[in-house]
Amino acid sequence: MEEKKELKSHIPARLNILFIIVFLFFVAIILRLAYVQLVEGEQYRHQLEKYSIRELPISAPRGRILDKNGVVLVSNKPVYSITYVEEQGQDIDEEQVADRLAKILAMDGEKIGTDEDLLKTTIELNSTLPVAFNRAETEELIGRLIPKLQKVPKVSELEAMSDYELVKTAIYVGLHVRSPFDNKEREKVLSMMKTKLNAPGQALTFDDMSDLELLKYAISTNMQLNLTLDKDDRDDLLKEVKYQIGKLPAPDELKNKSDMDLLRYASLFSLEINLRLTEEQRLFQWHKLSLLKEMRSAHLPSYIPRRVKVNISENERFQIEERLSELPGISVVLEPVREIHKDPDGSAFGTHILGYTNAIKPENLKEYQAQGYNPTDRVGVTGLEAFYERYLRGKDGIEEVHVNKNSETLERNLKRPAEPGNDLVLTLDWRFQSKVEAILKEEVEAFKKRPTTPKEFKEAHVLALNPNTGEILAMASYPDYDLNLYYDRKEFNKRYSTEILPNESNKFIYAAYPPASTYKPLSVMIALQEGLTNPSETIIDRGGLNVGTSYKRNWKPGGHGPVNARRSLQVSNNTYMYEMAVRLARRAGKDWISKLPEQFSLLRYYNAQFGLGVKTGIDLPGERTGVINKNTHYGNLADALIGQYDIFTPIQLGQYVSTIANGGYRLRPHLVREIRSGNTDPLQSGKTLSVIEPEVLNRIDIDPKHLKVIQEGMRMVTQMGGTAYRTFSGLPFSVAAKTGTAQTGKAAENAVLIGYAPYENPKIAFVVVAPDSLRDGTSSSDATGYVARRLLEAYHELNPGVLAPAPAGTAAAAPESAAASTGGLVPAAGTAGSAATAPSTRTTGSPTGTAATGTTAPAAGGTGAASAGGLAPAAGSSGSTTPATQPPAAVPGGAVSSLAGSGASRATTTTPDTR
C-alpha cells in the first residue's frame, strides 16, 4: 500500500515540471516576436519594400525617317496594346483568362489547321478542348489506340535494340529525335530513297526535307538504315524512351481515361481524329490558343509583361478595362508603333526602302539582350529599319513600381525618362519616289494588257541614282505592298499570302538577272583596254560568227554590215562581241584552250571595278553579289560578252552605269544623307550628328579615252538608228542609254535598260528591269522605255533646269563627289579625262548606216567623234574596211574573220536577242 502512495506522489511533480517547460517555451516565443516586431521591425519592413519594388522598362520611341526636304516618311503613333504578366503570389488560371479574352478580342485571321493540328497545339500549350464523346465514340477511339499500345516494346527490351530500332521506337512513342545524320550519311540516305521510291510518274521530293522528316519517311517505307549513335547520345535517348513508355497506360487502363487523355494518346500516335466541333467552336479554340500562346511566351522571364495583342480597337479597350477584375494579369498599355507615309492616292510607299520592325525572335534574344535590349523590344527586320537599327533605337526609360503583398500597384515613380532614337534624313525626295512608283504601276498594268505581252510578266523594278554622289533618288518595285500592314495583324494575316509574301523580297539587292546587252559597253571597254581592237576598226557583220562548234547569230538576220566600237553599241550588235571574245581567247597562243579560265578571270577583274559580281556597299541589309557562272567553255566567253553569262542585281547595274556616267569612279550607293539627334517635338529637327559623304570605292582601270568611246556609243543608242531612239526622242535634254533583252531559257525574256542624263553633264542614272516581259523578237524598249522616259520627265519637272545640257563651248561641271581615295575631283562625263581626236572619216548618207560611202582609218589616240561623225561605213558601202582578222575566211551570212571557226562544224546555232 505504501509503495502505491509513494508512486502517486511523483505524478503531480512531473506534471508541474512539464507545465513550467511549456510556459518558458511560450515566453521565449513571445519575447522573440516582440524583439522582431519592436527592435528589428524597421529593418524587415525595408527588406519587404525592397522585394516589392520592380523596375519596368519604358519603351523609347524610335527615330523618325525623313526625306531630303524633311518630310516625315516614318514616324511613331500611339496605340493601345494588351499585355499579360503573372505577378508574384498570384495563382492565375491562364486558360480561363485566354478564354475570356477570346470572347472580347476580334480574331486576327489566325492560321486555321486540321483537327490534328488543333489537338497538337492544345497539348503543346497544356490546354484542354471542350470535347465530350458519346460512349460509342469513346469505345471506337479506344479500339484504335489498343493496337498502337500493344506495339510499344517493353522497357526491358530497349537495351538490346540497335541504334536504328531505338530511334524508330523513340519516334513511334512521340519523342522529338535529334538528327542522327551527318552530311555524308544524309546524302547516302537520300540516294537510297530516290533509287527505291522515285518510280516513273512518282513526284517525290526529298532534298527539301528536314533530317527528321527524312527519317520518318524512311521508317514509314520500312527502309533499313545503318544508323550509329554516340554512346552519350544513345544513353540519353534510352532514358527518354524509357520515361515516355513508362507514362503510357496499359491497353486495359484506357477505359478509365478521360476523353482528353484519350485524345492526347491519339495525337502521340498520329491518329486521324474528328473532334466533333462546330466550325464556330473550332475557330474560337484556335483564337483562344493563339492568345494563350502569347501569354505563355517561353522565351520571356515571368516578370516581363508579354504582348498579347497590339493595336486593339477602342471598343475592345473599353470592354477589357470594364472587366479587368475578371482578367488577372491583364493590362491595357499605350505604346508607340511605326506609321508609314503613303502615296497621295493612299497606296504603298517605299516598300523596299524603309523596312519594318517586329518583336525579337527567340533565337536572337540572347544576342540582343547582350546589347542592352529588353525581351519585349521591337527591332528593325528589313530595309533601313534594320540597317540603321543602332541609330534608330532609342534609350529606354525606367519606371519604379511599388506593389503590395497582393501584387497590387501602390506607387509609380519615373526613375529615368525614355530618350528617342536618332532621325534619318534620306537622299530621296518623296515626291519623286512617289511619282516613280505611280509611273511604274501605270506602265506595268498597261503593258500587261497588250496582246503580245507574255502571261508570265508580273513585275518590274526601277532605280534612279545621282551618278556623282551615289545618292539613290528613287527605288521602286511593282507590285509592292503597304508596310503599315505589319502593324495591323488582322489585315496582315488576311493579305500575307497574296500580297506580301510574293513581293516581300527586295529584288534590288537579292535577285539577280542577266544584264544582256547592257553589258556590251563593258565588253567594248575591255576589248579596247586589252588591245583587241581600236575604236575605228570596222568589222563586217553578215549575221553571225562561228565560235568553236557553235554558229552564234546576231539578233538581226543578215547582220548590221560594217560595225565599229561605237556602232556596235548603237545597234547592239552581237557579232562584234563574238569577234572580241574569239580574239580574247586566241591571244593566249597555241595553248589558248587550257588558258580559258584566265580570260574569265580577266572579265571578273573588270566586272568588279564597275560593281558587277561584288557587293556595292548599299546601306540595306543582306545585299547579295549576284550569281557567278562556273563554266569556262569557249562558247561561254562569247556569251559573257553579250551579257548572257554571269547575272547581276539591279543595284549592281545601277553602280555600273553610274561609274560609266561619272567618268570612271565607283561610288557606294546610299539612301541616307544625314543622321540627326532625335526630338520629342515632331515639328523641330534635331542636331546633325553625321553627314554621309560620297565614298569612292575605286577608280576603274580603263583608259579615259576608251571610256569616252563607250559614252559616245551609249549616246548614239538614243539617236537616229539607235535601239532606244524612239524611246527618248523629243526630250529637251540629251540621254545616253543601253538596251538589253535577256534570254532566260523560258518562254518569256527579260527586258533591261540602263542610262543617264544629261549626256554632257550627268545628274541622274537609271536602271529598269522587267522580267519575263518579252517574247522572242520584241524590243526591250517596249517594256522598259516608257518607264525610263517618264522617270526622266518627272525628274525634270520636279528639278527644272537640272537636266539642261551644258552651254556650247563650255566644259561640263565636275561631279559633286570628292574622290577621297584618289585626292581629286571626278572628271565630268563629257571630258573622260582627256581630249579625243576624231578619226579621219568621210561619210555620205544616213547616220543609220544605209547607203553610205567613205573611208575609215584608225585615228590618233584611237578615239572617235561623238554621234554620227564617228560612224563606220554601212553595209553595202564601197569604202574600204578593216576586216576582223587576216586572212579573211568568208562565212555565209557571217563576219569577215579568220577566227570565225574556219573548218569548224556548226554543231549548234543560237540567236540571242540581246538588244
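Author: Please note at the outset that this model is predicted. Let us begin with helix α20, which spans residues 520-529. Nine of its 10 residues are buried, so the helix is largely enclosed by the rest of the structure.

Reader: Which residues of α20 are buried?

Author: They are Lys520, Pro521, Leu522, Ser523, Val524, Met525, Ile526, Ala527 and Leu528. Just after the helix, Gly531 adopts a positive phi of about 75°.

Reader: How should I read a salt bridge, and how many are found in the whole structure?

Author: The general idea is that side chains of opposite charge can pair when their charged atoms come close. In the whole structure, a search finds 45 salt bridges. One of them joins Asp99 to Lys103, with the closest N and O atoms 3.3 Å apart.

Reader: How are Asp99 and Lys103 placed in helix α4?

Author: An α-helix has 3.6 residues a turn, so residues three or four places apart point the same way. Asp99 and Lys103 are four residues apart in helix α4 (residues 94-104), and are therefore separated by about one helical turn. Asp99 counts as partly exposed because its relative accessibility is 22%, whereas Lys103, at 59%, counts as exposed.

Reader: What separates Arg317 and Glu314 in helix α13?

Author: These two lie three residues apart in helix α13 (residues 314-322), so about one helical turn separates them. Glu314, by contrast, is partly exposed, with a relative accessible area of 42%.

Reader: Where do Arg583 and Glu537 lie in the chain?

Author: The side chains of Arg583 and Glu537 meet in a salt bridge at 2.9 Å, N to O. This pair links distant parts of the chain, 46 residues apart: Arg583 belongs to helix α22 (residues 574-586), while Glu537 is in the loop between α20 and β13 (539-541). Both Arg583 and Glu537 are buried.

Reader: Is Asp108 buried or exposed?

Author: Asp108 is buried, because its relative accessible area of 12% falls under the cut-off of 20%. The residue is found in the loop between α4 and α5 (115-124). Its side chain makes a polar contact with the side chain of Lys309, at 3.4 Å. Leaving aside residues up to four places away in sequence, Asp108 touches Lys309, Arg489, Lys490 and Asn493.

Reader: Finally, in what order do the strands of the five-stranded open sheet lie?

Author: Strands of a sheet pair through backbone hydrogen bonds, either parallel or antiparallel. Here the order is β12-β11-β23-β22-β21, and the pairing is antiparallel. β12 (472-478) and β21 (736-742) are the edge strands, each pairing on one side only. From one strand to the next, the twist averages 10°. Between β11 (residues 460-465) and β23 (residues 764-774) there are five bridges, and His461 has Val769 in β23 as its bridge partner.

Reader: Which strands do helices α25 and α26 touch or lie across?

Author: Helix α25 (residues 650-661) lies across β11, β12, β22 (749-757) and β23, and runs at about 140° to β23. Helix α26 (residues 704-717) packs on the sheet and touches β21 and β22, its direction making about 75° with that of β21.

Methods: Residues numbered from 1 in each chain as written. Predicted model: local features only at pLDDT ≥ 70, side-chain atom pairs only at ≥ 80, totals over all residues. Heavy atoms only, no water. Buried < 20%, exposed > 50% of the residue type's maximum accessible area, 1.4 Å probe, protein only. Salt bridge = Lys/Arg side-chain N within 4 Å of Asp/Glu carboxyl O. Polar contact = N/O pair within 3.5 Å; in protein donor to acceptor, adjacent residues only side chain to side chain. Contact = heavy atoms within 4.5 Å. Pairing = 2+ DSSP bridges. Axes fitted to C-alpha atoms, helices over the stretch in contact; angles between N-to-C directions.
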